[in-house]
Amino acid sequence: MAFMDAWVVDQPGPIDNHPLLRLQRDDPVPGPGQVRVKISCCGVCRTDLHLAEGDLPPKRPRVTPGHEVVGVVDAVGADARRFMIGDRVGVAWLGKTDGSCRFCRQGRENLCLHPTFTGWDVDGGYAAACLVDESFAYRLPDGLADETAAPLLCAGIIGYRALQRAAVPDGGRLGIYGFGGSAHLTAQIALAQGLRVHVLTRGEPNQALARELGVDSVGGPSDPPPEPLDGAILFAPAGELVPVALRALDRGGTLAMAGIWSSDIPTLNYDETLFQERQLVSVTANTRDDGETFLALAARLGVRATTVPYPMADANRALIDLKHGRFGGAAVLHV
Ligand SMILES: [Zn+2]
Ligand SMILES: [Zn+2]
């Protein structure tokens, strides 16, 4: 049995106290229908930070985080036929579903009653290798480097679903609250589709990246956008921005909350925030169809992640920098 390096969430706690622990684990062995991925890089998602800090309760002790995994198949389990050894694949947040619950049967597998999430229920990509059920792995478009492909796998896919949920009509006005890894990819899709995009965020690196991408306006998180919004997406995990964003909507507009976790939402004044058929919706995981559609669209539209590389040995530092908003775009760990 060979060994590999892997990070685990030991005791969840403030990221500045380094709650991730690096240890040696047995190389994972693929079971039926699974493949093993020899990891080249893994994107850093805010969800990893929520897990490390204990905002999201651990599903099991000492899980390896990471669900934006790019690598090559280096072992296949029994009955796994979709990939050959050497194929490049991506591993994302939705690791498996039961396929049989009432939501899966309706094609809403993002709401599955018995889901398995990569880097929460099962070990993820902050390691030298991981396992994935072959039917939940993605083929990655050619012409995308591993590092730029990694953030597409969660930040990109979830942002794409959030954009659908915000239901902005053709040529309409989109507000983006918070501008990190997911938002900077979503903005590129929205601009390519001809929407007017207004970014409302704190953090100089984030504001600078938004300007670079050519959005229509950039302001602070509490600033009113220059025009009423048909739809908005809240990427920041900040419940206090919900009433701010709802007030920025035009009549009939929709605010989609993209995060897996949010701080509490303050009391909402009905007349100022919801009346006139404004809507508040959440975004929960994604279907494989969302993933395939987004990856094809990203390749066609030339969506490019702005990335900040870190060695895998610096996983804690990458999460600390994410927490404190020290970079624009998405951090990617390299094995
Ligand atoms: Zn299900
Ligand atoms: Zn994620």
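## Overall fold

Two residues are in contact here if their C-beta atoms, placed from the backbone, lie within 7 Å. On that basis, among contacts between residues at least 6 apart in sequence, 70% join residues that are at least 24 apart. The model is a predicted one, and its secondary structure comes to 10 helices and 17 strands. The radius of gyration is 19 Å, close to the 20 Å that the globule rule gives for 335 residues, so the protein is as compact as a globular protein of that length.

Taken along the principal axes, the box filled by the C-alpha atoms is roughly 65 × 45 × 35 Å. Of the 335 residues, 49% count as buried.

## Domains and their contact

The domain assignment divides the protein into domain 1, made of residues 3-139 + 305-334, and domain 2, made of residues 156-282. The C-alpha centres of domain 1 and domain 2 lie 27 Å apart, and the contact between them takes 14 residues from domain 1 and 13 residues from domain 2. On the side of domain 1 that touches domain 2, helix 1 (residues 46-53) gives the most, with three residues. By class, that side of domain 1 has six nonpolar, six polar and two charged residues.

A UniProt record, from an unreviewed entry, places the feature "domain: Enoyl reductase (ER)" at residues 13-333. The end C-alpha atoms of residues 13-333 lie 21 Å apart, and the span is 26% helix and 26% strand.

## Strand 3 and its partners

Strand 3 (residues 34-43) has nine of its 10 residues buried, so the strand is largely enclosed by the rest of the structure. Strand 3 pairs in the antiparallel sense with strand 4 (residues 69-76) over seven bridges, and in strand 4 the bridge partner of Lys 38 is Val 72.

Strand 3 also pairs in the antiparallel sense with strand 8 (residues 129-133), over five bridges, where Val 37 stands opposite Cys 130 in strand 8. A further antiparallel pairing, over three bridges, joins strand 3 to strand 17 (residues 330-334), with Cys 42 standing opposite Leu 333 in strand 17.

## Helix 1

Helix 1, which gives three residues to the side of domain 1 that touches domain 2, is mostly covered, since six of its eight residues are buried. The buried residues of helix 1 are Arg 46, Thr 47, Asp 48, Leu 49, Leu 51 and Ala 52, and the buried residues pack against strand 1, strand 2 and helix 10 (315-323). Just after helix 1, Gly 54 takes a positive phi of about 85 degrees.

## Surroundings of Trp 7

Trp 7 is found in strand 1 (residues 3-9). Because Trp 7 has 28 C-beta neighbours inside 10 Å, and a residue is buried if 20 or more other C-beta atoms lie within that distance, Trp 7 counts as buried. Leaving aside its neighbours within four places in sequence, Trp 7 is in contact with Leu 20, Leu 21, Arg 22, Thr 64, Pro 65, Tyr 126, Ala 127 and Ala 315. The C-alpha atoms of Trp 7 and Val 89, which are 82 residues apart along the chain, are separated by 21 Å.

Most residues other than glycine have a negative phi. His 18, although it is not a glycine, has a positive phi of about 55 degrees. His 18 is found in the loop between strand 1 and strand 2 (20-26), and with 16 other C-beta atoms within 10 Å His 18 is partly exposed.

Glu 277, likewise not a glycine, has a positive phi of about 55 degrees. The place of Glu 277 is in the loop between helix 8 (270-273) and strand 15 (279-282). Because a residue is exposed if 12 or fewer other C-beta atoms lie within 10 Å, and Glu 277 has 10 of them, Glu 277 is exposed.

Technical notes. Residues numbered from 1 in each chain as written. Chains lettered and ligands numbered in written order. Predicted model: local features only at pLDDT ≥ 70, side-chain atom pairs only at ≥ 80, totals over all residues. Domains from an automatic or database assignment. Helix = DSSP H or I, 4+ residues; strand = E, 2+ residues; numbered from the N terminus. Nonpolar A, V, L, I, M, F, W, Y, C, P; charged D, E, K, R; others polar. Pairing = 2+ DSSP bridges. UniProt positions renumbered as here; feature names shortened; annotations may be inferred. Rg over C-alpha atoms; globule rule 2.2 N^0.38 Å.
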